[in-house]
Amino acid sequence: EDKNTHYYYNFIAGIVISKQSMFEALTKLHLSTTLSSSPFVLISTQKTTPQGFQTNEYADAQLQEIVRKMRERATVYKEKLKDPVLSSPEGSPTASEVKPEEDHYCDMLCCKFKKTPLKKYMTYLQLPDSIDSYTDRRYVAWLMLVTVAYNWNCWFIPLRFVFPYQTSSNTIYWVAIDIICDICYLCDLLVFQPRVQFLKGGDIISDKVEMKKFYHSSMKFRLDVISVLPFEVLSIFFGFNPAFRANRMLKHNTFFEFNDRLEAILDKAYIYRVIRTTGYLLFILHINACLYYWASDYEGLGSTRWVYDGQGNMYLRCYYWAVRTLITIGGLPEPQTLFEIVFQLLNFFLGVFVFSSLIGQMRDVIGAATAGQNYYRSCMDNTVSYMNTYSIPKVVQNRVRTWYEYTWDSQGMLDESELLEQMPTKMQLAIAIDVNFAIVNKVDLFKGCDTQMIYDMLLRLKSIVYLPGDFVCKKGEIGREMYIIKQGEVQVLGGPDGTKVLVTLRAGAVFGEISLLAAGGGNRRTANVVAHGFANLFILDKKTLNEILVHYPDSEKLLMKKAKVLLKEKGKPAPGPPVQQPRGLAGLFGQKQETPKLFKAMLGGKGKAGLAKLLQLKRERDIQKPKPEEKKLPEPAASSAPPAQKEEPNADTKPKPPAVMHRGTTNESLIISMSPSPTAGEGEILKVEAKEKKRK
């Protein structure tokens with residue numbers, strides 16, 4: 001079997017061998033072949049099994065497939081040799097075919113659900129050598145876990161320090177959660193942060209040593225180290241106190257980094273900004289509630305009317321007091337002592353500053369979230385005001401409002417180009433390829449063109465929205481644009497009155513592409529095209545295409561050749577009604593051919609009138625024959641219509657009629673030619689010239 005495999009791969013590699021060696025190789029593969037006398041080896045498609053041998057069906061099938069592919073390739077090369085213009089050194093881009101992944105299902109009792117393969121799942125969870133903090137979602141998930149630990153410390157360390165919620169009976173639970181948070185801090189310090197890539201002089205550094213060195217030299221590393229220092233060991237000497245964990249609140253850089261990374265990947269980041277700003281407000285009120293309980297405990301619970309009296313839920317009552325103080329609602333008990341007065345004044349000043357800052361930040365967040373909506377409303381209001389100023393009819397105003405509403409609802413903005421202009425050209429191209437390439441790739445006119453030419457064309461496409469009933473183009477207009485339907489439908493109208501629906505074009509269809517390449521211009525539309533509903537079309541005008549083709553001469557030649565083919569197909573007359581065959585004996589004879597146009601022009605008449613004139617001229621010629629003693633040069637035939645020649649009249653001879661035809665020869669040659677008229681629409685011109693032959 002090893003020998004068979006060896007011969008099989010040698011055959012695939014295309015090793016040229018003689019007929020005898022080829023026969024031996026195929027014999028060892030247990031195949032039967034028929035060799036032709038040509039220098040090429042042709043494998044017979046008929047399977048024959050010689051006596052004493054067994055056919056290897058798998059090898060036979062593989063060889064048949066190879067022969068089929070080689071024949072297809074030979075056919076392609078023949079077509080390229082016949083028409084080299086149609087071949088391009090670089091074909092148009094095609095979407096890469098992704099092999100569908102196999103689905104894995106898990107059977108459990110009576111249920112069957114899809115599951116991720118374990119190997120793929122473990123590969124995804126494997127920690128990479130370097131982490132891209134901007135695109136790696138796993139890093140964002142880890143930052144979220146560290147942020148949860150950070151918020152635990154920020155919210156509960158002051159709470160446990162001030163309020164008597166931590167007792168000897170539940171200390172074990174508090175300590176367990178604290179240990180879990182500390183483990184998250186240590187993993188972030190030792191495992192994740194030293195693997196984060198960084199920029200240096202515009203280059204992305206992913207070397208392990210360089211990344212670790214960069215992290216160790218940053219301020220973030222110092223704060224992270226301080227945040228994990230175990231000051232809890234002081235509890236051995238001073239007793240357990242949550243204040244020893246206050247250094248855990250220094251890991252604020254991770255919290256703000258998580259906010260930035262999360263906003264970058266969210267579709268509606270303004271929602272998270274509103275939630276985060278609200279969280280800031282609640283946290284400040286939480287700190288103020290803790291301070292109020294600490295001040296009440298310092299003064300003595302229930303000692304005055306201003307302090308907390310110790311009844312009810314201590315945290316909720318203190319939080320309620322903090323809300324009324326920071327928001328300056330009023331109605332609070334008056335402070336009695338100097339400490340209470342100073343504390344209340346500081347609370348008022350801090351409340352005005354913090355609350356006004358948070359309200360302003362909330363206004364900015366909401367304003368940024370609704371900036372596009374406000375711009376849309378502003379544009380629409382200005383347009384309506386303009387139309388009212390110039391007394392535009394209400395029908396037109398309603399159509400304008402409809403256009404604004406549909407454009408905003410469909411794409412979320414009035415002009416997509418304004419957003420793309422802020423990006424570099426490469427990013428614009430990447431977005432254009434993802435959005436528009438699948439549609440442009442369906443256009444047969446651009447197949448085989450240069451890839452970069454198609455990329456440049458994608459950047460020049462303009463998106464226009466048509467309302468129901470709008471004319472995209474009208475019959476008789478000069479075509480200067482090509483249309484590609486992105487969304488919606490359009491109808492091609494025709495018929496005597498121009499209202500009959502000839503065809504309905506849907507998303508992905510293309511029309512008007514011949515207008516782009518009309519060399520002589522004047523390519524008029526042959527039908528009306530109307531938007532059936534709301535239609536979003538891409539438009540490519542002729543001027544833009546010509547500017548692109550200046551840099552791609554090969555693609556220009558290809559497009560011109562395709563345009564000629566399309567124009568020929570377009571110019572073919574429509575098939576008329578079928579010709580009825582004559583019945584009886586008339587069917588034995590062919591159809592009478594039409595009289596040649598040149599013959600009609602020479603006779604000066606058409607049909608039977610020209611034939612009658614020809615017979616009349618023949619009779620006159622027979623009556624007036626020249627005498628034999630008169631030796632004169634015969635004049636050229638009248639049917640040839642030579643130019644009139646002036647001759648001096650002879651007194652002895654009578655003048656001859658101008659229509660008389662004479663037999664004889666002449667030294668003049670008659671040239672008859674047809675040439676197109678210089679004025680468009682006047683047909684062709686018949687020219688008749690008489691030239692004298694040169695005598696030797």
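Trainee: How many bridges join strand 7 to strand 10 (residues 510-511), and in which sense do the two strands run?

Mentor: Two bridges join strand 7 to strand 10, and the two run antiparallel. The general idea is that strands (E, at least two residues) and helices (H or I, at least four residues) are DSSP runs numbered from the N terminus, and that two strands pair if DSSP finds at least two bridges between them. In this case, Tyr483 stands opposite Phe511 in strand 10. Before going further, note that the model is predicted, with residues numbered from 1 along each chain as its sequence is written, and that local features need pLDDT of at least 70. Side-chain atom pairs count only at pLDDT 80 or more, while totals for chains, interfaces and linings use all residues, and side-chain values use heavy atoms, leaving out hydrogens and water.

Trainee: Over how many bridges does strand 7 pair with strand 12?

Mentor: Strand 7 (residues 481-487) and strand 12 (residues 535-541) pair over six bridges, in the antiparallel sense. Within this pairing, Met482 has Leu540 of strand 12 as its bridge partner. As a general point, the side chains of a regular strand alternate between the two faces of the sheet.

Trainee: How should I read the order of strands in an open sheet, and which strands stand at the edges?

Mentor: Here four strands form an open sheet in the order 6-11-8-9, with antiparallel pairing. Strand 6 (471-473) and strand 9 (500-505) stand at the edges, each with a single partner strand, so one side of each has no neighbour in the sheet. The twist averages 35° from one strand to the next, where axes are lines fitted to C-alpha atoms (for helices, over the stretch in contact) and angles run from 0 to 180 degrees between N-to-C directions.

Trainee: How many salt bridges does a search of the whole structure find?

Mentor: The search finds 20 of them, a salt bridge being a side-chain nitrogen of Lys or Arg within 4 Å of a carboxyl oxygen of Asp or Glu. One of these joins Glu72 to Arg68, with the closest N and O atoms 2.5 Å apart. Both residues lie in helix 3 (residues 57-82), four residues apart, about one turn of the helix.

Trainee: Are Lys220 and Glu257, which form another salt bridge, buried or exposed?

Mentor: Buried means under 20% relative accessible area, exposed over 50%, and partly exposed in between (1.4 Å probe, protein chains only). Lys220 counts as buried at 17%, and Glu257 is buried too, at 13%. Their closest N and O atoms are 2.7 Å apart; Lys220 lies in helix 8 and Glu257 in helix 10 (residues 252-265), so the pair ties together parts 37 residues apart in sequence. By contrast, Glu72 is partly exposed at 42%, as is Arg68 at 37%.
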